[in-house]
Amino acid sequence: MKTKVVIEYERTCRRDNTVWYVPQEFHDKPKDAIMMSRGGETAARKGALTVAWIEARRCPICGSISFDEREVKEAS
Ligand SMILES: [Zn+2]
């Protein structure tokens with residue numbers, strides 16, 4: 001049996017139940033994401049990852065960082 005890979009995360013805002021999705025790449029802290037990726041990292045890419053990580057933590061509607069999270073795995 002093949003282990004399914006988490007491809008993204010579904011987050012549900014605890015304040016207004018808004019659902020949004022976060023790519024696996026933006027789930028961990030930028031430092032970890034950078035260490036996991038291959039090749040040279042430019043300052044621009046590090047900056048973009050940091051911004052994406054911060055944005056991914058907030059509800060796109062109300063800006064709350066309180067949410068429930070569910071793993072979304074690849075289809076078999
Ligand atoms: Zn919200």
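Let's start with strand β1 (residues 6-13), which pairs with β2 in the antiparallel sense over 5 bridges. Two strands count as paired if DSSP finds at least two bridges between them. The strands themselves are DSSP runs of E with at least two residues, helices are runs of H or I with at least four, and both are numbered from the N terminus. Keep in mind that this is a predicted model: local features need pLDDT of at least 70, side-chain atom pairs count only at pLDDT 80 or more, and totals for chains, interfaces and linings use all residues. Residue numbers run from 1 along each chain as its sequence is written.

Now zoom in on that pairing. Tyr9 has Val22 in β2 as its bridge partner, and Glu8 stands opposite Pro23 in β2. Between the two strands of this hairpin sit 5 residues, and here Asn17 takes a positive phi near 60°.

What joins β1 to β3? The answer is 7 bridges, with the two strands running antiparallel. One example is Glu10, whose bridge partner in β3 is Arg70. Put together, 3 strands form an open sheet in the order β2-β1-β3, with antiparallel pairing. The edge strands are β2 (19-23) and β3, each of which pairs on one side only. From one strand to the next, the twist averages 25°; the axes behind such angles are lines fitted to C-alpha atoms (for helices, over the stretch in contact), and the angles run from 0 to 180 degrees between N-to-C directions. In a regular strand, side chains alternate between the two faces of the sheet.

Next, look at α2. Its end C-alpha atoms are 20 Å apart, which agrees with the 20 Å that its 14 residues should span at 1.5 Å a residue. (The expected span is 1.5 Å times one less than the number of residues.) Is α2 well covered or hardly covered? It is hardly covered: of its 14 residues, the count of buried ones is 1. Buried means 20 or more other C-beta atoms within 10 Å of a residue's own, exposed means 12 or fewer, and partly exposed is in between, with C-beta atoms placed from the backbone.

Finally, find Ile61 in the loop between α2 (43-56) and β3 (67-73). Ile61 counts as exposed because it has 12 C-beta neighbours inside 10 Å.

Conventions:
The expected span of a helix is 1.5 Å times one less than its number of residues.
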